Amino acid sequence: MPQLKYLPNVSTLQLDRGKCNGCGICLQVCPHAVFVFEAKKAAITDRDACMECGACAGNCPQGALSVRAGVGCAYAIILARLRGTEPDCGCGDSQTCC
Amino acid sequence: MAEGQDKKSATAPSCCCSPVVETPVSVPGIGVSSGNIGFGPWVVGHITTAAGEIPVVSTALESADRRGAYKARWGIGRMNYRVQPGLYAVGRPTAKSQVFVSANYKMSFDHLRSRLGGSDAWLLVLDTRGINVWCAAGKGTFGTDELVKRVIGCRLNEIVSHRRLIVPQLGAPGIAAHTVKERTGFRVVYGPVRAADLAAFLAAGFKATPEMRRVTFNFFDRIALVPNELVHNLKYPLPAAACFLVFSGFGPGVYAWERVVSFGLVNALLVLAVYLAGSIIPAALLPWLPGRAFAVKGAWFGLVCALILGVAAAGEPGVFRNTLAGLSWFLMIPAATSFIAMNFTGCSTYTSLSGVQREMRVAVPVQAGVAVAGLGLWTAGLFI
């Protein structure tokens, strides 16, 4: 089966290797194997696989990672545009959405 | 995310450990409490701990659980498919047993407990408003504050002697493991993505293989999401089909019912058929459709549909009112299927916010332009 890959060169993921202490939690939490170990520190090996979920940045104790986390959902983006809010999964607490 | 957290703190009950504190412990099996949240027949007993009585839940899913999951997949009562947040037990857990964290969406809870057959463990269920772990983590309701609140509220430090919480990996976007450690003393260990891998993860000494850490989006993952999409979005094609039905009556001379029941009916059914096909087939064939952008994948599918329709209609002159009306569908179908497929990004497990924004900047104007051109042709076709 062909590998599912999304658009290239869009992810906002940034890693400051100078701050990395090599704890490796980003390798654990990333659902798309974006990171590898290189010289005892984390390195980005496949940035285009990043879905900007924010798990790595939120769990990095050193603050070495940054990403504009959000939902890759067209419906959420349309709703946000209509309401003038930031896109998130919240279609409202009472409505049927994810 | 910040907004979600504000809402949470504004409405969350002050108590933290609902099964123990909020609900009388002597009522296992009564099913439902207020708001449809509560204990079901899956509570099979109670266990007494230093912090009170904890409900023991079954690890076997019954037909009612499967029926509930099936209904939720079709969007029936999905937003109220919940269990009480708080602490639960499976088997006869002791102070040394593991603590697994989950969401209070009943399907998440069921996935977890059904994989713990034969083990003794604690289940700490967070209040995610009935949303699954991953989506709730994205919103922040499956989050550090809620986890800390539950750990403290359930007096977990009195119930277990170790200081380890096994959190599903997909909960990580909402959790800062180091902050949980600072605030509770408990260390977060991220378990595998799928509960099915829990046994292997535990057997390997809390080690997940690379495969266990990766999210998939295989055929069955995708198809499982289609029913809810179909139901959730039905509010769009129904009025559209009605419009095509009604407006088909216009034409040279007076409004004619004959045109409504002939051309109108065909057009309305076509709208519904495109909606059905556009919601199911691109989701099923996602890896094989050309392009990376979902809008492109959907557009290709729509073009193929339009070609098939064109070939079929060529053999049946008179199905469409005229060539103009037939041609209009060559524009409207790809525009519609492109839009529907684009909205499937929200169901996918690999699209990013930046990527979808990039895709939409190009796709939405094109979809709108093509759709308007198609509607123009169709309207012109009414009067020639």
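This is a predicted model: local features need pLDDT of at least 70, side-chain atom pairs count only at pLDDT 80 or more; totals for chains, interfaces and linings use all residues.
Biologist: How many residues of chain A are in contact with chain B?
Modeller: Contact here means heavy atoms within 4.5 Å. By that rule, 50 residues of chain B take part, and on the side of chain A the count is 47 residues.

Biologist: What is the area buried between chain A and chain B?
Modeller: Carbon and sulfur atoms give 60% of this area. The total buried between chain A and chain B is about 4,500 Å².

Biologist: Which helices of chain A each supply at least two residues of the side that touches chain B?
Modeller: The residues on that side of chain A divide into 30 nonpolar, 12 polar and five charged. The helices that each supply at least two of the residues touching chain B are α1 (25–29), α2 (55–59) and α3 (74–83) of chain A.

Biologist: How many salt bridges does the rule find across the interface of chain A and chain B?
Modeller: Side chains of opposite charge can pair when their charged atoms come close. The structure holds 10 salt bridges over all chains. Across this interface the rule finds 21 residue pairs in polar contact, but the number of salt bridges there is zero.

Biologist: Which element gives the most to the lining of the second largest pocket?
Modeller: This pocket has a volume of about 960 Å³. Of its 31 lining residues, those closest to the centre include B:Tyr236 and B:Phe339. The lining divides into 27 nonpolar, four polar and no charged residues. With nine residues, the element that gives the most is α16(B).

Biologist: Which residue forms a salt bridge with B:Asp65?
Modeller: B:Asp65 lies in helix α3 (residues 63–73) of chain B, and its partner is 41 residues apart from it, in helix α4 (residues 106–114) of chain B. The closest N and O atoms of the pair are 2.6 Å apart, and the partner is B:Lys106.

Terms used. Residues are numbered from 1 along each chain as its sequence is written. Chains are lettered from A and ligands numbered from 1 in the order in which they are written. Side-chain values use heavy atoms; hydrogens and water are left out. Buried area is the accessible area (1.4 Å probe) that two parts lose on being put together, summed over both. A salt bridge is a side-chain nitrogen of Lys or Arg within 4 Å of a carboxyl oxygen of Asp or Glu. A polar contact is a pair of N or O atoms within 3.5 Å; within protein, one must be able to donate a hydrogen and the other to accept it, and residues adjacent in sequence count only if both atoms are side-chain atoms. Helices (H or I, at least four residues) and strands (E, at least two) are DSSP runs, numbered from the N terminus. Ala, Val, Leu, Ile, Met, Phe, Trp, Tyr, Cys and Pro count as nonpolar, Asp, Glu, Lys and Arg as charged, and the others, Gly among them, as polar. On a 1 Å grid over the protein atoms alone, a cavity is a set of points where a 1.4 Å probe fits but cannot get out, and a pocket is an open set with protein on both sides within 12 Å along at least five of seven lines; lining residues have an atom within 4 Å of a point. Grid points are joined across faces, edges and corners, and a volume is the space filled by probe spheres set on the points.
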